[in-house]
Structures are given as structure tokens and as C-alpha cells.
Amino acid sequence: MNRSEESSFLKDRERIDDLQRNGYRIIQHPEKFCFGMDAVLLSGFATAHRGERVLDLCTGTGIIPILMEAKTEAAHLTGLEIQEESADMARRSVALNGLEEKIDIVTGDVRKADSYFSSAFFDVVTCNPPYMIGRHGLTNPEAPKAIARHEILCTLEDVVGQTARLLKAGGHFYLIHRPFRLAEIITTLARCKLEPKRMRLVYPYVDKEPNMVLIEAVRGGKPRMTVESPLIIFREQGVYTEEIREKYGF
């Protein structure tokens, strides 16, 4: 595809970024919302087996379904996003990569997800949700970045509750969140019969506190959780660790 053909997928001030996987690219708007390290880490932590159906809640511009299509043999992936502008960018990125037969993007509210999809339909659910509670410090709660980062349009309880309805028995839920809410995350998962099975803390540097946590839960799973070795992002300022370079392509 030449530059002229690529430009037909873009709107004002948008750009196309290379994802370094399978030649896939993604459309982003730098002034509104671009994917971050958390989405890449979640796509690497999550797994989907051949023939499985995957749902990504709060999909934003579709980064997780696209990355998971590149690394798994899932039969089909769906992204659910409430902001129409982000959903539109996601659909155009899917088309840019020729993945219309593998990935669907649905515009809709996470709180009503079970009205868009059949109960117990998905084998895997992933989510990189808004992390922050409330609206403290927000100057414009309707801005795309604010909605993506703060629990304005959905809460942790909404995400977990809908996941429990949409996952098959024995299905897997993959979540990335902030460690300061870990107690709340674990109790919410357990209350919704999503048993935490695997956890990995993510550290920016080896001598710093963790700033992200990756969790895998199984619908109806038996109690027993494995805590994996820490994932360190940077060896020193601006230099990624070997694991980040090898596993995530940075």
C-alpha cells in the first residue's frame, strides 16, 4: 500500500504507527489518545487458543485485538468501545490491516455489554480499563483522555460484572490495572465468581515500586493463584530490559 492509499484511511491530524508485529499498523491521534505500554503488556500477558472467541472491553483504538490477532490463533476478536471517535479509528485500523474478517469493533457501553452479546459467548475477555476513581483534578470530564483514564463512564465493578456474564465457564479474563487497587480488584473478581489464578507486578525500574499489575482470572476456577516473577520495564533511563525487548519488541 502506497502513501496515497494509506492517507485515505486518515482524518485530520491523525497518523499511522507501525506496531512491529506482522507488518500491522494502527491509526492514532496524538492530541486525543494513543495506546501506551499497559496495552502492549496486556496483549503479551493474555493468551487465546486456536478457535477461541475474544472480547476486549474498553478497546479504545483497537490496539489489543490487533496485537492479539498477530500473536494468537483466535478464531475471532471483538472490541467494545463507548467513544465513537475511538471506535471509528479502530475500525479504520482493522481495515488498514485487512483484518475485517477477524476483528469486529462495536460501539457501545461496557455497562450494557450483555445486551450486545450472548451470555457465556466468549472464551477470553481482556480489559485495560480506566484506572482512576472519581473526577478529582479533571478540567474536562468529557475529553477522550479523561474518559479513558478515569472511571467516568464505567467502573471496575461494571467491567468485572459484565465479564462474568459474557465468559464461558472456565473462560479466562485478563486485566491490567494499578496496584493501589489490588485489594479491591481481588475481592471484586471473587465476588463475581472469577477466580484469580495468575498475577504479575510490573515495575518501571528494579528499585522502584510497581506501577501496574497484570491479573488472569478464570470463571468458576478453583482457589489457587500463582504470583509470577516481577516484570521490570527499564534497565536504566531510556533502556528497556532484555525481556521487554525480546517479548514485546521494544
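Predicted model: local features only at pLDDT ≥ 70, side-chain atom pairs only at ≥ 80, totals over all residues.
The account begins with the strands β1 and β2, which cover residues 15-18 and 25-28. These two strands pair in the antiparallel sense, and 4 bridges join them.

Two residues of the connecting loop deserve attention for their backbone angles. Q20, which is placed in the loop between β1 and β2, has a phi near 60°, a positive value in a residue that is not glycine. N22 is found in the loop between β1 and β2 as well, and its phi is also positive, at about 55°, although N22 is not a glycine. The relative accessible area of N22 is 55%, so N22 is exposed, the cut-off being over 50%.

The next feature is a packing of helices. In general, two packed helices are described by the angle between their axes and the distance between the axes. Here helix α2, residues 37-45, packs against helix α3, residues 63-71, at an angle of about 35°. Their axes lie 9 Å apart, and the crossing of α2 and α3 is right-handed. On the side of α2, the contact is made by A39, V40, L42, S43 and G44. On the side of α3, I63, I64, L67, M68 and K71 take part. By class, the residues of this contact divide into 7 nonpolar, 2 polar and 1 charged.

The salt bridges complete the picture. How many salt bridges does the count give? The count comes to 18. Because K102 lies in the loop between α4 (84-96) and β5 (103-107) while E69 belongs to helix α3, the pair ties together parts that are 33 residues apart in sequence. As for accessibility, K102 is partly exposed, with a relative accessible area of 24%. E69, by contrast, has a relative accessibility of 11% and therefore counts as buried, the limit for that class being under 20%.

A second salt bridge joins K168 and D123, whose side chains meet at 3.1 Å, N to O. This pair links distant parts of the chain, with K168 in strand β7 (residues 167-177) and D123 in strand β6 (residues 122-127), 45 residues apart. K168 is partly exposed, at 29% relative accessible area, whereas D123, at 14% relative accessibility, counts as buried. Salt bridges can also share partners, and in this way K11, E14, D88 and R92 are joined into one network.

A further salt bridge is formed by E84 and R91, where the closest N and O atoms are 3.3 Å apart. What is the relative accessible area of E84? The value for E84 is 43%, so E84 is partly exposed. R91 is partly exposed too, with a relative accessible area of 31%.

Conventions
Residues numbered from 1 in each chain as written. Heavy atoms only, no water. Buried < 20%, exposed > 50% of the residue type's maximum accessible area, 1.4 Å probe, protein only. Pairing = 2+ DSSP bridges. Axes fitted to C-alpha atoms, helices over the stretch in contact; angles between N-to-C directions. Left-handed = near helix turned anticlockwise from the far one by under 90°. Contact = heavy atoms within 4.5 Å. Nonpolar A, V, L, I, M, F, W, Y, C, P; charged D, E, K, R; others polar. Salt bridge = Lys/Arg side-chain N within 4 Å of Asp/Glu carboxyl O.
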